[in-house]
Amino acid sequence: MILKTLNRIGSPLSSPELQRGVLAQGDVSWPGRFRETVADAGLPQLRSLRIKVLQVNVGKVCNQTCSHCHVDAGPDRRESMSRGTAEQVIEFLANSTAESLDITGGAPEMNPNFRWLVQQASSLGKQITNRCNLTILLAKGFQDLPEFLAKHRVDVIASLPCYLQDNCDSQRGSGTFEKSIQAIKILNSLGYGQPDSGLELSLVHNPIGASLPSNQAALEAEFRQQLDSRFGIRFTRLLAITNMPISRFLDDLLHSGKYDEYMQTLIAAFNPRTLDGLMCREMLSVDWNGYLFDCDFNQMLDIPVNGKRIHISECRWNDVALRTIQTGNHCFGCTAGCGSSCLGTVVS
């Protein structure tokens with residue numbers, strides 16, 4: 001049924017509406033939609049608790065085209081947050097209870113307002129997180145970024161799906177592993193990942209294929225041993241994140257015939273204990289145009305906060321701080337096994 005739909009309409013990357021339709025269909029043996037599964041577990045509908053983190057996706061422009069990317073980012077994308085929208089983000093941040101600004105993309109550093117956002121958030125006393133693909137730190141015009149990030153005490157969360165070159169390059173593109181190692185060494189030289197420096201460098205692992213991540217603690221120990229012995233590099237922590245069945249990874253699942261199998265895996269591993277720690281409960285997501293979402297995944301599927309399009313300039317933080325979370329079958333990706341969030345697994 002799903003493949004017939006794709007053959008008629010085209011790639012699932014063609015629109016968020018088609019992606020939502022694919023996620024809603026599924027195999028007839030699925031135990032039901034996400035909301036029904038939560039209800040069957042005797043749990044209430046998801047609601048936010050507060051806004052601790054304001055996560056801002058500044059656009060889809062990127063110097064890489066990773067196979068697992070849920071944003072469908074790349075060098076040919078043009079979506080990029082304007083200065084006017086960036087100013088509205090900072091005004092909202094200043095008047096909110098949010099403790100931190102989490103900047104993502106694409107490669108967020110390629111947005112012309114990236115450094116301004118960091119400087120403004122820093123002046124407000126907010127903690128800042130930069131979700132970095134590492135290779136951008138070696139690109140022409142960006143080679144002074146490590147020093148800039150260190151100066152403003154920005155936490156760096158960097159993608160390194162594997163400590164093996166072939167596995168990493170197969171997911172992120174040829175040559176990215178070598179560049180990533182070089183970038184980590186530069187960050188290490190500035191104190192990132194070093195004990196007692198206060199400069200945090202977190203590495204992100206996500207599985208190469210259609211499977212759940214292995215145990216985060218065991219993976220972290222393995223990464224530490226391999227990266228230290230082979231390259232002499234250090235990091236603060238490892239974050240294990242589940243690949244979300246959205247955009248480019250969804251496209252790969254469908255055309256490889258593994259979509260239903262992967263969704264069955266996620267649903268079978270549904271863990272109600274993860275619900276308390278889901279990132280959407282303490283986060284608010286902003287897209288490059290300034291519209292609000294419960295998380296970056298809902299943003300890519302165009303599922304707006306409170307079920308309606310709300311611009312960051314049109315509301316106060318307490319209008320959306322306590323809200324019902326908009327959910328769908330993609331939410332099984334965050335609740336499978338030990339759970340998955342922007343900060344790795346949810347439960348031990």
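1. In strand 2, the residue that bridges to V53 is S100, and strand 1 (residues 53–57) and strand 2 (residues 100–104) are joined by 5 bridges and run parallel. Strands here are DSSP runs of E of at least two residues, helices are runs of H or I of at least four residues, and both are numbered from the N terminus.

2. This is a predicted model, in which local features need pLDDT of at least 70, side-chain atom pairs count only at pLDDT 80 or more, and totals for chains, interfaces and linings use all residues. Residues are numbered from 1 along each chain as its sequence is written, and side-chain values use heavy atoms, with hydrogens and water left out.

3. The open sheet has 8 strands in the order 6-5-4-3-2-1-7-8, with mixed pairing, where two strands pair if DSSP finds at least two bridges between them. Its edge strands, each pairing on one side only, are strand 6 (237–240) and strand 8 (292–293).

4. Strand 5 (residues 201–205) runs parallel to strand 6 and is joined to it by 4 bridges, and the partner of H205 in strand 6 is A240. From strand 5 the chain passes through helix 9 (residues 216–231) to strand 6 in a right-handed β-α-β crossover, meaning that, with the strands pointing away from the viewer, the path from the first strand over the helix to the second runs clockwise.

5. F270 lies in the loop between helix 11 (259–268) and strand 7 (283–286), and F270 is buried, with a relative accessible area of 15%; buried means under 20%, exposed over 50% and partly exposed in between, using a 1.4 Å probe and protein chains only.
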